[in-house]
Amino acid sequence: MKEWFLSREPRERLILAVGAVLAVVIIGWQFVWVPLSSGVERLDSTVDAQTRLLVDAQNAAAVAPRDASRPRNEESLYVVVDRTTRAHGVAQTVTRTTQDGATGLTITFTGAPFDALIDWLVTLDGEHGVAVETAQFNATQQAGLVNGQVQLRR
């Protein structure tokens, strides 16, 4: 190939060299820069959406009344969690439930619908006096589904 290139006229070699450089730049732009920049934009929008969700949740938690006089449910925390996960359609996604002291449970989920999971946690807090002590959610490949772990305390 080198012999072929050197056998060309100087003007042809210049045109071929410029064309090769342009081809490398165009290919680099299309297959490296564009996917990276669109990925960054997608992640930025995801972070913005999650930040808005966090702010909304914090505002809702600050506004929601904490009624200490509400009657406590005498059912065990495990029974309340089992019944409410079934009612909210997240029971099939529970992969592990472990006791955490006398008043706590740690629940691990795989492929849970995020909206149903949040509705379930709000119901636990509002109707059963069960607080979310810690929560960790990780996105899955399928939109709207999360894996995670929730630590509940009564």
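Visitor: Which way do strand 2 and strand 4 run, and how many bridges join them?
Guide: Strand 2 (residues 104-113) and strand 4 (residues 145-153) run antiparallel, with eight bridges joining them. Strands here are DSSP runs of E with at least two residues, helices are runs of H or I with at least four, and both are numbered from the N terminus. Two strands pair if DSSP finds at least two bridges between them.

Visitor: Before we go on, what are we looking at?
Guide: This is a predicted model, where local features need pLDDT of at least 70, side-chain atom pairs count only at pLDDT 80 or more, and totals for chains, interfaces and linings use all residues. Residues are numbered from 1 along each chain as its sequence is written, and side-chain values use heavy atoms, with hydrogens and water left out.

Visitor: Okay, which residues stand opposite Gly148, Gln149 and Leu152?
Guide: Phe109 stands opposite Gly148, Thr108 faces Gln149, and Leu105 is across from Leu152.

Visitor: And what is the bridge partner of Val132 in strand 4?
Guide: Leu152 is the partner of Val132. Strand 3 (residues 131-139) pairs with strand 4 in the antiparallel sense, over eight bridges.

Visitor: What about the hairpin of strand 3 and strand 4, how many residues are between the strands?
Guide: Five, and Gly144 in that hairpin takes a positive phi near 90 degrees.

Visitor: Now strand 1, how many of its residues are buried?
Guide: Zero out of six: strand 1 (residues 94-99) is hardly covered. Buried means under 20% relative accessible area, exposed means over 50%, and partly exposed is in between, using a 1.4 Å probe and protein chains only.

Visitor: What does strand 1 pair with?
Guide: Strand 1 is joined to strand 2 by five bridges, and the two run antiparallel. Val94 has Phe109 as its bridge partner in strand 2. The hairpin of these strands has four residues between them, and Gly101 there takes a positive phi near 75 degrees.

Visitor: So what is the strand order in the sheet?
Guide: The order is 1-2-4-3, in an open sheet of four strands with antiparallel pairing. Strand 1 and strand 3 are the edge strands, each pairing on one side only. From one strand to the next, the twist averages 10 degrees.

Visitor: Which strands does helix 3 touch?
Guide: Helix 3 packs on the sheet and touches strand 1, strand 2 and strand 4, and its direction makes about 15 degrees with that of strand 2. Helix 4 also packs on the sheet, touching strand 2, strand 3 and strand 4, at about 155 degrees to the direction of strand 2. Contact means heavy atoms within 4.5 Å. Axes are lines fitted to C-alpha atoms, for helices over the stretch in contact, and angles run from 0 to 180 degrees between N-to-C directions.

Visitor: At what angle do the axes of helix 3 and helix 4 cross?
Guide: Roughly 130 degrees, for helix 3 (residues 77-87) and helix 4 (residues 114-128), whose axes come within 10 Å. That makes helix 3 oblique to helix 4: angles under 35 degrees count as roughly parallel, over 145 as roughly antiparallel, 65 to 115 as roughly perpendicular and the rest as oblique.

Visitor: Which residues meet there?
Guide: From helix 3, Val80, Val81, Arg83, Thr84 and Thr85 meet Trp120, Leu124 and His128 in helix 4.

Visitor: Last topic: Thr123, buried or exposed?
Guide: Thr123, in helix 4, counts as buried at 15% relative accessibility. Leaving out residues up to four places away in sequence, Thr123 touches His88 and His128.

Visitor: And Val122, buried or exposed?
Guide: Val122 is also found in helix 4, but Val122 is exposed, with a relative accessible area of 54%. Its C-alpha atom is separated by 9.9 Å from that of Ala61, 61 residues apart along the chain.
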